[in-house]
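I open this notebook to record what I looked up in one structure. The entries follow the order in which I consulted the model.

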Amino acid sequence: MNFSEAIPTFVITLREGVEAALVIGIVLACLKKAEQSHLNSWVYAGVAAGIAASGFVGVLFNGLLAALSTSEQPYAPVIKQLLEGVLGLVAIAMLSWMLIWMTQQARFLKAEVEGAVTAALTENSNAGWGVFGLIFIAVLREGFETVIFVSAQFQQGLSPALGALGGLTGAAIIGALLFKWGVKIDIRLFFKFMGILLLLIVAGLAVSALKHFDQAAGILSQMNSKYAAICVYYDRLAPVHSCILGPMVWNAAEILPDREFPGVVLKALFGYRDRLYLVQAAAYTIFLATIGSLYFQKLRSKATVPNKNTQPEGSQTRPQ
């Protein structure tokens, strides 16, 4: 069992799970304050439905990828690589947007959730469904982002599942510590650290997505000579070459292979690859320079614009 495969899944699930746990905790607190705790069952039902729906989407994506892997259709390998590359791009876009948007909007989270709960409670006949829908959407949004990431990595088996389970368990524990037992946790520092780690993981996903597109182009060019022009770069003298990624700029396969410890851990956490091509290196650098700078810019702007209405005095329960 390769536990390194569980690391990125654990990190993503933990961060997404804590965001969902914050919404759940705020909703439960609002219901208790409004003396409507009998609606708590709708909250738990929304959590269960959101997790189930996310799992169903994950089964569909991974089932499709598995079917393409075993298909005897001639172009199935090309389609599989293209699909994995596209899923990677979707995961990059969703996780990057989530990271920046949540960092910017976090200080309004409590007010927005409380407003949504109050609006649901005013509709006496549909209050339960309103609470259910709020929780279901919150959990499904975080779960869908995790599912897309796992599918983009084409991670199957026990290790990624254990990582996801560990992340959900950790998120549930943090949520209980914050809202049930009133333990003060520096959640700002938690999200700041997890945000930096997420940046590096998603940057590594960009490297993987480009590799899938390169493999799709290489397979297609070998299958049919009329597609040979797709390989815009081809070094016949190189023992290991790319099709569209340009020359190799890094080769540490003999020193620090990314399939063995500690390279496999560096690959999971920081996007390390023992072989890196020019386009991949450029994409990794550009991603960190652009999305990373936006993320830290939002962090700095939040630090200089305090908002006294976002959380109770003395507590620290807002994501960054």
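The entries below cover the basis of the model, the pocket, the salt bridges, the backbone and the surface.

**Basis.** I note that this is a predicted model, in which local features need pLDDT of at least 70 and side-chain atom pairs count only at pLDDT 80 or more, while totals for chains, interfaces and linings use all residues. Residues are numbered from 1 along each chain as its sequence is written, and side-chain values use heavy atoms, with hydrogens and water left out.

I looked up the largest pocket and found a volume of about 1200 Å³. A pocket here is an open set of points on a 1 Å grid over the protein atoms alone, where a 1.4 Å probe fits, with protein on both sides within 12 Å along at least five of seven lines; lining residues have an atom within 4 Å of a point. The volume is the space filled by probe spheres set on the points. I count 42 lining residues, and those closest to the centre are Gly-17, Val-47, Ile-51, Val-139 and Leu-168.

H1 gives the most, with 11 residues. By class, I recorded 21 nonpolar, 17 polar and 4 charged residues in the lining; Asp, Glu, Lys and Arg count as charged, and Gly is among the polar ones.

**Salt bridges.** I found 3 salt bridges in the structure, each a side-chain nitrogen of Lys or Arg within 4 Å of a carboxyl oxygen of Asp or Glu.

- In H1, Arg-15 and Glu-19 are 4 residues apart, and therefore separated by about one helical turn. Their N to O distance is 2.2 Å. Arg-15 is buried at 1% relative accessibility, and Glu-19 is buried at 2%; buried means under 20% relative accessible area, exposed over 50%, and partly exposed in between, with a 1.4 Å probe and protein chains only.
- Lys-80 pairs with Glu-84, with the closest N and O atoms 2.4 Å apart. I place both in helix H3 (residues 76-105), about one turn from each other, and both are buried.
- Arg-141 meets Glu-142 at 3.1 Å, N to O. Here Glu-142 is buried at 4%, whereas Arg-141 is partly exposed at 33%.

**Backbone.** I noted a cis peptide bond from Phe-261 to Pro-262, with omega near 5 degrees. Pro-262 belongs to the loop between S1 and helix H8 (263-270). I also noted that Glu-35, although not a glycine, has a positive phi of about 55 degrees. Glu-35 sits in the loop between H1 and H2, and is exposed at 71% relative accessibility.

**Surface.** Which residues make the nonpolar surface patch? I listed Val-249, Trp-250, Leu-278 and Val-279, which form a patch of about 350 Å². Strand S1 (248-251) and helix H9 (278-303) each give two or more residues to the patch; a strand is a DSSP run of E with at least two residues. Such a patch joins nonpolar side chains within 5 Å, from residues with over 30% relative accessible area and no salt bridge. Val-279, placed in H9, is partly exposed at 32% relative accessibility.

How values were computed
Patch = residues over 30% accessible without salt bridge, like charges linked within 9 Å, V, L, I, M, F, W, Y side chains within 5 Å. Areas by Shrake-Rupley, 256 points an atom, 1.4 Å probe, with all protein chains shown as cover.
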